[in-house]
Amino acid sequence: MYTPSVRVRILSFSRIHVLLSVARLPLPASSLASLPSLPRARSTPMAAASSSSARGRHLLLRLLALLAVAGNAAAAGSGAVVVGKKSAVLSLRELEWGAAARKIQGRYEQQSKAQILGGHRKAEGASRATTVLELKHHSPATISNQPAGSEGYLSRLLAADAARAASLQLPRPASIQSRQAAAQVPLTSGIRFQTLNYVTTIALGGDSSGAAAKLNVIVDTGSDLTWVQCKPCRACYEQRDPLFDPASSATYAAVPCNASACAASLKEATGAPGFCARGGGGGGSERCYYALGYGDGSFSRGVLATDTVGLGGANLNGFVFGCGLSNHGLFGGTAGLMGLGRTELSLVSQTASRFGGVFSYCLPATTSGDSSGSLSLGSDPSSYRNTTPVAYTRMIADPAQPPFYFMNVTGASVGGAAMTASGLGASNVLIDSGTVISRLAPSVYRAVRAEFARQFSAAGYPAAPGFSLLDTCYNLTGHDEVNVPLLTLRLEGGADVTVEAAGMLFMAKKDGSQVCLAMAGLPYEDQTPIIGNYQQKNKRVVYDTVRSGLGFADEDCSFM
């Protein structure tokens, strides 16, 4: 195996030359194409220093990314298994639901929230822009300080998450469904429960003075149509924000029945084309109505409309969305949902001409409402705060499930021990921001659980009863910190993603007497594995729909 050699020479503070040679080591063209591009030099003298600094940073990130690609190529060629970081020390306070967020020291203290969030940045050397929105963890109810109240809430949360995960699976043949009936996770009243999702704020519409409604919506990569609850609402759940009033927006318009959005586009996004009816109070004109149903029983029904939407300082005219008049389900106190799926009506597709079909997010680890991550629309890497280069894998499309983003997981390790399981690499894996707990193929989960239990139990932590869908739990009473074996996933192409310590354990009881491995197994090998948001915390996850790539990098998302 050949070893790459690197020489770095700094010529001046305003110019950096990086001389790189990789001795006889072939690099995949797809990997080279995914490396971060270099910014063009700015023409104004005042920008010289910042341009030099930006170019230096991008050059170094590009170099690190290239070395990562080279290392992965070498490892792949030799049959080596990359095991990732083995373990990490975790403070149990990080697992407490609703715990007060701590201010992040270091570079974030030098930047105000206004500098980090809500900015509208123009990409270097490009006509497209990148806009950044604040992203928060959504906990719609205050969790009781009483043990019974806290445990009951979390149990309902996991039951709701089980309903969500089940809704993402393809229907199984009737003969197989009958075998599974007794093995399913209980879904009793699941659609009435709250769930832990991430939310962002959008501006919608505009009155005669230009003022827009501020609405908090769930960010969901598993949905396409963006919708909000609207007046006059016939049957709506309770939300914190005032209902959006179409009559107060000067830019609102119902989508006509003969529009393409009402037929093929809506069918692709929701599974059913729109239907026409005459609306009351609007001159009796025909308008397009949508009916969106989710597999877990949630739904939104209303008028398909267009209006101006504001996204972190970027205003977009003619945005197609659902104005929900009858809505029910797992949406908590939010105003609706932002669809970041793959079809024509998703926000990603509707803004592709402006943001290039690229978006990314960084999900904060803490559940405190004061802690914010970010949702970036656009490909400008200066909006990221990643501490490692973005490593890409192939984004896979499934015609049977067009909204979803899939990838291949070819290997895994726990605490440095490589896993062997038939489910690794056998099927596409769904990455989803709306599912909380990851669901692994049964063979993979059994291997992960066994190795995690072996290492964690060896440290002297006693076992505890299971909690809801989580079957591997421990009594950590009296411990302030624990050393946690980490799960590393090897993705197709050689990229490795290591789950951080806070994504490995789920605190079921506030006193630490029941802390569980935060993963679950699917009933059958041929079902779709899901990487949920709990295991995506403190990662920059990049979705490039144009180049069909999914990127991952470490990033501290919980800044104030």
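## Strands S28 and S29

In this predicted model, strand S28 and strand S29, the latter spanning residues 515-517, run antiparallel and are joined by three bridges. One of the pairings involves Met507, whose bridge partner in S29 is Val515.

These two strands belong to an open sheet of four strands, which follow one another in the order S23-S24-S29-S28 with antiparallel pairing. Strand S23 (463-464) and strand S28 (505-507) stand at the edges with a single partner strand each, so one side of each is left without a neighbour in the sheet. In general, the strands of a sheet pair through backbone hydrogen bonds, in either a parallel or an antiparallel manner.

Elsewhere in the chain, Thr221 is found in the loop that lies between strand S7 (213-220) and strand S8 (227-229). Thr221 counts as buried because its relative accessible area is 1%, below the 20% cut-off for that term.

The side chain of Thr221 makes a polar contact with the side chain of Asp432 at 3.4 Å, and a polar atom of the Thr221 side chain lies 3.0 Å from the backbone nitrogen of Ser433. When neighbours within four places in sequence are left aside, the residues in contact with Thr221 include Leu340, Phe359, Tyr361, Pro403, Ile431 and Tyr543.

## The protein as a whole

The protein has nine helices and 33 strands, and 52% of its 560 residues count as buried. Among contacts between residues at least 6 apart in sequence, 71% join residues at least 24 apart. The protein exposes about 23,800 Å², of which carbon and sulfur atoms supply 53%.

Note on methods. Residues numbered from 1 in each chain as written. Predicted model: local features only at pLDDT ≥ 70, side-chain atom pairs only at ≥ 80, totals over all residues. Heavy atoms only, no water. Buried < 20%, exposed > 50% of the residue type's maximum accessible area, 1.4 Å probe, protein only. Polar contact = N/O pair within 3.5 Å; in protein donor to acceptor, adjacent residues only side chain to side chain. Contact = heavy atoms within 4.5 Å. Pairing = 2+ DSSP bridges. Areas by Shrake-Rupley, 256 points an atom, 1.4 Å probe, with all protein chains shown as cover.
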